[in-house]
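Good morning, and thank you for coming. Please look at the structure on the screen while I go through several of its features in turn.

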Amino acid sequence: MAAKLNSNFADTYNNRGVVYIRMGEVKRAIEDYNKAIQLKPDSTDAYCNRGEAWLHLQEWDKAKADLTAAKNMGLDIIASFHNEYASVENFEQATGIQLPTDITVLLTLP
């Protein structure tokens, strides 16, 4: 029962993190993604979401590490990113942030 409860709490923290990102509260989102990962270390969604949050803070190494972790655990990070932002170009235009080439490749090439 405790494992299921932790998993549910992890999903709750992850989902609240998504809300924080949409509100522009990136650091609060990262705190929730951290908690989700602590409760459920195999949460691909939390790693991917935290990776995308790091992009907003231009923390390239952390973003790449989290996105790569989610990808290595089997998540289609390209589909996830494109579901949220449509494309790298749209992300860059909406945020005013130019992504480094290695992250652009990670988010566009299968």
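Predicted model: local features only at pLDDT ≥ 70, side-chain atom pairs only at ≥ 80, totals over all residues.

Where does alanine 86 lie? Alanine 86 is found in the loop between α5, residues 77-85, and α6, residues 88-95. Its backbone deserves attention: phi of alanine 86 is near 75°, a positive value in a residue other than glycine.

Glutamine 58 belongs to the loop between α3 and α4. With a relative accessible area of 45%, glutamine 58 is partly exposed.

The loop of glutamine 58 brings us to the two helices on either side of it. Helix α4 covers residues 60-72, and α3 packs with α4 at an angle of about 160°, their axes being 8 Å apart. How are α3 and α4 oriented to each other? They are roughly antiparallel, because an angle over 145 degrees is placed in that class. In handedness, α3 passes α4 in a left-handed crossing.

Which residues of α3 and α4 meet? On the α3 side they are Thr44, Tyr47, Cys48, Arg50, Gly51, Glu52, Trp54 and Leu55. On the α4 side they are Trp60, Lys62, Ala63, Asp66, Leu67, Ala69 and Ala70. Sorted by class, the residues of this contact are nine nonpolar, two polar and four charged.

Tryptophan 60 is found in helix α4, and tryptophan 60 is partly exposed, with a relative accessible area of 24%. If we set aside neighbours within four places in sequence, what does tryptophan 60 contact? The residues are Leu55, Ile97, Gln98, Leu99, Pro100 and Ile103. There is also a spatial relation to point out: tryptophan 60 and threonine 104 are 44 residues apart in sequence, with 11 Å between their C-alpha atoms in space.

Let us now turn to the other partners of α3. Helix α2, residues 26-39, and helix α3, residues 44-56, have axes that come within 9 Å and cross at roughly 155°. The two helices are therefore roughly antiparallel to each other. Here too a handedness can be given, since α2 passes α3 in a left-handed crossing. From α2, the contact is made by Val26, Ile30, Tyr33, Asn34, Ala36 and Ile37. From α3, it is made by Ala46, Tyr47, Asn49, Arg50, Ala53, Trp54 and His56. By class, the residues where α2 meets α3 are nine nonpolar, three polar and one charged.

The next pair is α3 and α5. The crossing of α3 and α5 is right-handed. Cys48, Glu52, Leu55 and His56 of α3 make this contact with Ile77, Ser80, Phe81, Glu84 and Tyr85 of α5. Five of these residues are nonpolar, two are polar and two are charged.

Asparagine 14 has its place in helix α1, which spans residues 2-22. Is asparagine 14 buried or exposed? Its relative accessible area is 7%, so asparagine 14 is buried; the limit for buried is under 20%. The side chain of asparagine 14 is joined to that of asparagine 49 by a polar contact of 3.0 Å. Not counting residues up to four places away in sequence, asparagine 14 touches Tyr33, Ala36, Asp45, Ala46 and Asn49.

The other residue, valine 19, is also found in helix α1. Valine 19 counts as partly exposed, at 44% relative accessibility. Valine 19 and alanine 29 are ten residues apart in sequence, and their C-alpha atoms are 7.7 Å apart in space.

That concludes my presentation. Thank you for your attention.

Technical notes. Residues numbered from 1 in each chain as written. Heavy atoms only, no water. Axes fitted to C-alpha atoms, helices over the stretch in contact; angles between N-to-C directions. Helix = DSSP H or I, 4+ residues; strand = E, 2+ residues; numbered from the N terminus. Parallel < 35°, antiparallel > 145°, perpendicular 65-115°, else oblique. Contact = heavy atoms within 4.5 Å. Nonpolar A, V, L, I, M, F, W, Y, C, P; charged D, E, K, R; others polar. Buried < 20%, exposed > 50% of the residue type's maximum accessible area, 1.4 Å probe, protein only. Polar contact = N/O pair within 3.5 Å; in protein donor to acceptor, adjacent residues only side chain to side chain.
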